[in-house]
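Colleague: I would like to learn how to read a structure of this kind from its computed features. Please take me through it one feature at a time.

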Amino acid sequence: MTPSTAASTEGRRGGPAASAGRAGVRPGTWAGYGACVWSLLFAALSFYWAAGGLVGAGTIGPAVEGPALAREPAFVAVLWATAVLKLIAALLALALVRQIPRWAPRWLLLLAGWGAAGLLSLYALANLAQHLLIVAGVVEVPAGLGRAALPWHLLLWDPIWLAGGLLFTLAAIRYSRLTSRTAQHKLMN
């Protein structure tokens, strides 16, 4: 048997060549895994700030930087809570990819997935619109944002929020399509 014949029959028999294709990431799952990584990185940043870290705090604006520097208990509690919510978002993203937990009804995961996608996207688009209107001179710079933080929002934070909204949207679309086909298949059998 030649090496090329061995490779082609190995794939048909379920050898390493065949299992490599199955073990890889299925088409469309990259968005769910991306949403998970996005959420984990964002959670890590929130945990860092909640624990007293200051790097990057000046990019948000005076309304956030002031309470963070003063270590106001209510603000620190909000940071811890948002960090936990971002961890939950990471688990949701994994659930949309892996279709787990099995006991969770499809409608609940769809509601949570589309809810996360909608909230992140609306938040990102509203912030981007406001910041673009500020740059255009149509709207005054809010005191809580400050002119120094505006470029950070336009060039860093707004794209990051948009990316999260897009990743969760794509993950929800994939989950919706995949589970719809599975449900239709079950009905036919």
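Modeller: Start with the surface. The protein chain exposes about 11,300 Å², and carbon and sulfur atoms supply 72% of it; accessible areas come from the Shrake-Rupley method with a 1.4 Å probe, and for residues only the protein chains shown count as cover. This is a predicted model, in which local features need pLDDT of at least 70, side-chain atom pairs count only at pLDDT 80 or more, and totals for chains, interfaces and linings use all residues. Residues are numbered from 1 along each chain as its sequence is written, and side-chain values use heavy atoms, with hydrogens and water left out.

Colleague: How many helices and how many strands are there in the protein chain?

Modeller: There are seven helices and zero strands, so the order from the N terminus is α-α-α-α-α-α-α; helices (H or I, at least four residues) and strands (E, at least two) are DSSP runs, numbered from the N terminus. Of the contacts with a separation of 6 or more, 72% join residues 24 or more positions apart, where contact means heavy atoms within 4.5 Å.

Colleague: What share of the 189 residues is buried?

Modeller: Buried residues make up 33% of them. Buried means under 20% relative accessible area, exposed over 50%, and partly exposed in between (1.4 Å probe, protein chains only).

Colleague: How do I check the length of a helix?

Modeller: The expected span is 1.5 Å times one less than the number of residues. For H5 (residues 73-98), the 26 residues should span 38 Å, and the end C-alpha atoms are 37 Å apart, which agrees. Helix H6 (residues 106-135) has 30 residues that should span 44 Å, and its end C-alpha atoms are 43 Å apart, again in agreement.

Colleague: Which residues of H6 are buried?

Modeller: The general idea comes from the helix repeat. An α-helix has 3.6 residues a turn, so residues three or four places apart point the same way. In H6 the buried set includes Leu-109, Gly-113, Ala-116, Ala-117, Leu-120, Ala-124, Asn-127, His-131 and Ile-134. The buried residues of H5 include Phe-75, Leu-79, Ala-83, Lys-86, Ala-89, Ala-93 and Val-97.

Colleague: Which residues have the most contacts inside the largest nonpolar core?

Modeller: In soluble globular proteins, nonpolar side chains tend to be buried together. The largest nonpolar core here has 30 residues, and those with the most contacts inside it are Trp-38, Leu-109, Trp-161 and Phe-168. Two or more residues come from each of helix H3 (29-50), H5, H6 and helix H7 (150-188), with H5 giving the most, eight residues. A nonpolar core is a set of buried Ala, Val, Leu, Ile, Met, Phe, Trp, Tyr and Cys residues joined through side-chain atoms within 4.5 Å. Beyond its neighbours within four places in sequence, Phe-168 is in contact with residues including Trp-38, Ala-89, Leu-92, Gly-113 and Leu-120.

Colleague: Is Leu-85 buried or exposed?

Modeller: Leu-85 is in helix H5 and is exposed, with a relative accessible area of 56%. Val-84, Leu-85 and Ile-88 make a nonpolar surface patch of about 280 Å². Patches are made of residues with over 30% relative accessible area and no salt bridge, like charges being joined within 9 Å and nonpolar side chains (Val, Leu, Ile, Met, Phe, Trp, Tyr) within 5 Å; a salt bridge is a side-chain nitrogen of Lys or Arg within 4 Å of a carboxyl oxygen of Asp or Glu.

Colleague: What should I look for in the backbone angles?

Modeller: Most residues other than glycine have a negative phi, and most peptide bonds are trans. Arg-71 has a positive phi near 55°; Arg-71 lies in the loop between helix H4 (62-70) and H5 and is partly exposed at 34% relative accessibility. Gln-99, which follows H5, has a positive phi near 55°. Just after H6, Gly-137 takes a positive phi of about 85°.

Colleague: Which residues does Val-139 contact, leaving aside its neighbours within four places in sequence?

Modeller: They are Leu-133 and Ile-134. Val-139 lies in the loop between H6 and H7 and is partly exposed, at 32% relative accessibility.
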